[in-house]
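Subject: Structure handover

Hello,

Here is the structure you will be working with. Please open it beside this email and follow along.

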Amino acid sequence: MHDGIACGGKRRLGVMGGTFDPVHHGHLVAASEVAARFHLDEVVFVPTGQPWQKGHRSVSPAEDRYLMTVIATASNPQFSVSRIDIDRGGKTYTIDTLRDLRAENADADLFFITGADALAQILSWRDAEELFSLAHFIGVTRPGHPLADPGLPRGGVSLVEVPALAISSTDCRERVARGDPVWYLVPDGVVRYINKRALYRSPEEPMRAEG
Ligand SMILES: Nc1ncnc2c1ncn2[C@@H]1O[C@H](COP(=O)(O)OP(=O)(O)OP(=O)(O)O)[C@@H](O)[C@H]1O
Ligand SMILES: O=C(O)c1ccc[n+]([C@@H]2O[C@H](COP(=O)([O-])O)[C@@H](O)[C@H]2O)c1
């Protein structure tokens with residue numbers, strides 16, 4: 001294979017974990033680029049239950065984040081969305097995500113996709129030393145965050161440059177709260193969902209007709 005990772009003819013399943021509050025084009029481009037580069041058969045987006053390292057702020061309801069992720073990925077036949085982290089309940093740990101996905105997909109090799117900021121934190125994740133036996137990790141570039149191997153076991157991570165999109169969920173939420181548009185930062189259906197459910201609005205911000 002071009003990526004040099006032997007997989008013995010098994011199905012290649014990408015895993016894109018995230019809070020997705022909301023899902024944006026930075027997530028989608030990263031998944032699409034890695035899918036092409038690593039010849040993945042599918043990428044499953046896994047919205048978190050409770051993201052324990054984002055404890056300083058309240059996160060939107062899991063069902064809203066799940067539905068926005070479904071809307072954003074629905075048109076791509078290679079993309080799917082899993083409820084495993086939401087349905088497990090409690091704090092989300094990637095070790096549980098990967099164990100459950102392995103159990104459901106015994107015929108597949110897993111490739112966990114993560115942005116440069118998340119990759120830099122990975123050694124602080126629960127059971128970090130075991131993570132790398134369950135999946136190959138793929139760190140992708142993200143504007144404003146240096147991409148580096150944070151000291152993972154040899155061969156455990158690949159670093160990949162993806163088209164630079166300086167988009168974050170934080171900025172999207174702040175834009176909505178200020179009444180600024182998020183068109184073209186998130187998929188059109190997600191703009192409409194945010195508006196329909198009045199997500200991220202500050203109390204002073206009146207409802208807009210079109211996002
Ligand atoms: N613009 C981007 N380019 C590349 N990777 C990204 C980008 N935005 C997010 N990611 C990666 O996607 C995964 C899920 O990210 P997450 O849902 O936390 O979005 P976020 O934009 O970082 O959110 P927030 O601003 O709320 O912290 C993480 O691995 C993150 O590094
Ligand atoms: O396993 C952990 O301890 C852990 C700690 C922080 C983040 N993660 C995972 O990293 C992915 C991106 O998380 P986040 O918080 O940046 O949206 C998502 O799948 C999280 O479940 C995992």
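The notes below go through the model part by part.

This is a predicted model, in which local features need pLDDT of at least 70, side-chain atom pairs count only at pLDDT 80 or more, and totals for chains, interfaces and linings use all residues. Residues are numbered from 1 along each chain as its sequence is written, while chains are lettered from A and ligands numbered from 1 in the order in which they are written.

Strands and helices

Helices (H or I, at least four residues) and strands (E, at least two) are DSSP runs, numbered from the N terminus. Two strands count as paired if DSSP finds at least two bridges between them. Strand 1 and strand 2 run parallel and are joined by six bridges. Between these two strands the chain passes through helix 1, and this β-α-β crossover is right-handed. Right-handed here says that, with the strands pointing away from the viewer, the path from the first strand over the helix to the second runs clockwise. Glycine 18 has proline 47 of strand 2 as its bridge partner. Strand 2 also pairs with strand 3 (residues 79-81), in the parallel sense, over three bridges. There, valine 44 stands opposite serine 80 of strand 3.

What is buried

A residue is buried if 20 or more other C-beta atoms lie within 10 Å of its own, exposed if 12 or fewer, and partly exposed in between, with C-beta atoms placed from the backbone. In strand 2 (residues 42-47), five of the six residues are buried. A nonpolar core is a set of buried Ala, Val, Leu, Ile, Met, Phe, Trp, Tyr and Cys residues joined through C-beta atoms within 7 Å. The largest such core has 48 residues, and those with the most contacts inside it include Val15, Ala31 and Leu110. In soluble globular proteins, nonpolar side chains tend to be buried together.

Two residues are in contact if their C-beta atoms, placed from the backbone, lie within 7 Å. Leaving aside neighbours within four places in sequence, leucine 110 touches, among others, Leu13, Val15 and Leu134. By the same rule, isoleucine 86 is in contact with Pro47, Gly49, Ala62 and Tyr66. Isoleucine 86 sits in helix 3 (residues 84-88) and counts as partly exposed because it has 19 C-beta neighbours inside 10 Å.

The two ligands

A residue is near a ligand if its C-beta atom, placed from the backbone, lies within 6 Å of it. Around ligand 1 there are 18 residues, and the closest are Gly18, Gly26, Gly115, Ser169 and Thr170. Helix 1 gives the largest share of this shell, three residues. Ligand 2 is surrounded by 14 residues, with Gly17, Thr19, Tyr93, Thr94 and Trp125 the closest. Strand 1 (11-18) and helix 4 (94-104) each supply at least two residues of the shell around ligand 2.

Backbone details

Aspartate 21 and proline 22 are joined by a cis peptide bond, with omega about 5 degrees. Proline 22 belongs to the loop between strand 1 and helix 1. Aspartate 127 is not a glycine, yet has a positive phi of about 50 degrees. Aspartate 127 is partly exposed because 13 other C-beta atoms lie within 10 Å. Tyrosine 200, in the segment after helix 8 (188-196), also has a positive phi, near 70 degrees.

Regards
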